[in-house]
Amino acid sequence: MAIKYNDLYMDLRRRLREAGAEDATQAARELVCTASGKTKNELLRDGLLYASPEVERSAYSLCARHLAGEPVAYLIGEWEFYGLGLDISPAVLIPRPDTEVLVQTVVHELDSGADCRVLDLCAGSGCIGLAVASQVLRSRVLLGEWDEEALKICRQNIRRNQLSARVTSLRIDAREKPSRQLGEFDCIVSNPPYIPTADIEALDPSVRDHEPHLALDGGADGLDFYRVIADKWRDALLPNGLMAFEVGIGQADEVLRIMRANGFGDIQIVKDLHGIPRVVYGRLCKEI
């Protein structure tokens, strides 16, 4: 029996709500849009039209996959972050609202009227560096990422957001000392892997079974990347350069101590929207 788009959307939303999905309304809309190839405005416009059997089957298939734990962002292949549309794949973490606090912090600390170079290390989808570039109009941003598949997503997102004039990408291993050919930066920002290895199995299945462990695993205590970046990458900062990290729950004080031990001063901790210490940043005490 034929079904109208509005009824298809409502049925998916009902199924998701009954399963306890917190994002039922948004998820149902996104899944029907993906199944039909329509934008949100087109779906609203065509709500009283009948969906084809192919669209109906695709929508219910996507819904079943989401109910089985697959994140919506991977099902639809895109997500929004800081007002930017981004391509997303299972090779990269799904950008989350908490990370916007890191972007806000960096944008606030950078002089928007001055030229500056920014490195987004462990860039993943490139969401942080691209968001900074979209706000700091005289910035030049390098997205540094080790995984080749993630690097492809970085490049797609640079093009998608028409930032090729000021944003580039490069395969960079954050665990290694940087090449001098990279030059120096006014800011290094990073949301590195920070989940303790033993805690990964206890993560929500939607994260544990679908998001890349390479971008999650921060070593035995979750702090491996903070130690190596603060130590090896400080020389890639200009005097008084800014280093800013996103951190996991309960890690802020230890990351502050790591930064202080590596010559950073004026170190601050910023809480996220839930009141959890989420960003640690400071400036390099380095003689000119």
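# Briefing on a predicted single-chain model

Arginine 227 forms a salt bridge with aspartate 221, and their closest N and O atoms are 2.4 Å apart; a salt bridge here means a side-chain nitrogen of Lys or Arg within 4 Å of a carboxyl oxygen of Asp or Glu. This is a predicted model, in which local features need pLDDT of at least 70 and side-chain atom pairs count only at pLDDT 80 or more, while totals for chains, interfaces and linings use all residues. Residues are numbered from 1 along each chain as its sequence is written, and side-chain values use heavy atoms, with hydrogens and water left out.

**The chain as a whole**

- The chain contains eleven helices and eleven strands, where helices (H or I, at least four residues) and strands (E, at least two) are DSSP runs numbered from the N terminus.
- For 288 residues, a compact globule would have a radius of gyration near 19 Å, and the chain agrees with this at 21 Å; the radius is taken over C-alpha atoms, and the globule rule is 2.2 Å times the number of residues to the power 0.38.
- Taken along the principal axes, the box that the C-alpha atoms fill is roughly 75 × 40 × 35 Å.
- Of the 288 residues, 51% are buried, a word that stands for under 20% relative accessible area, with exposed meaning over 50% and partly exposed in between (1.4 Å probe, protein chains only).
- The accessible surface comes to about 14000 Å², and 49% of that surface belongs to carbon and sulfur atoms; such areas come from the Shrake-Rupley method with a 1.4 Å probe, and for residues only the protein chains shown count as cover.
- Among contacts between residues at least 6 apart in sequence, 66% join residues at least 24 apart, a contact being heavy atoms within 4.5 Å.

**Salt bridges**

- Arginine 138 lies in the loop between helix 7 (127-135) and strand 6, and aspartate 115 in the loop between helix 6 (97-109) and strand 5 (116-121), so the pair ties together parts that are 23 residues apart in sequence.
- In that pair, arginine 138 is partly exposed at 42% relative accessible area, whereas aspartate 115 counts as exposed at 56%.
- Another salt bridge brings together the side chains of arginine 65 and glutamate 70, at 2.9 Å from N to O; arginine 65 is partly exposed, at 38%, while glutamate 70 is buried, at 17%.
- A network of salt bridges links Asp11, Arg14, Arg15 and Glu18.

- Strand 6 (residues 139-145) and strand 7 (residues 167-171) run parallel and are joined by five bridges; two strands pair if DSSP finds at least two bridges between them.
- The chain passes from strand 6 through helix 8 (residues 148-160) to strand 7 in a right-handed β-α-β crossover, a name used if, with the strands pointing away from the viewer, the path from the first strand over the helix to the second runs clockwise.
- Strand 10 (residues 264-271) and strand 11 run antiparallel and are joined by six bridges, and lysine 271 stands opposite proline 277 in strand 11.
- The hairpin of strand 10 and strand 11 has five residues between the strands, and in this hairpin glycine 275 takes a positive phi near 80 degrees.

**Buried parts**

- Helix 7 is largely enclosed by the rest of the structure, because seven of its nine residues are buried; these are Cys127, Ile128, Gly129, Leu130, Ala131, Val132 and Ala133.
- Arginine 278 lies in strand 11 (residues 277-284) and counts as buried at 7% relative accessibility.
- Leaving out residues up to four places away in sequence, arginine 278 touches a set of residues that includes Asp98, Tyr194, Phe245 and Glu246.

- Tyrosine 82, although it is not a glycine, has a positive phi of about 55 degrees, and its place is in the loop between strand 3 (78-81) and strand 4 (84-87).
- Asparagine 240 has a positive phi near 65 degrees; this residue belongs to strand 9 (residues 237-246) and is partly exposed, with a relative accessible area of 47%.
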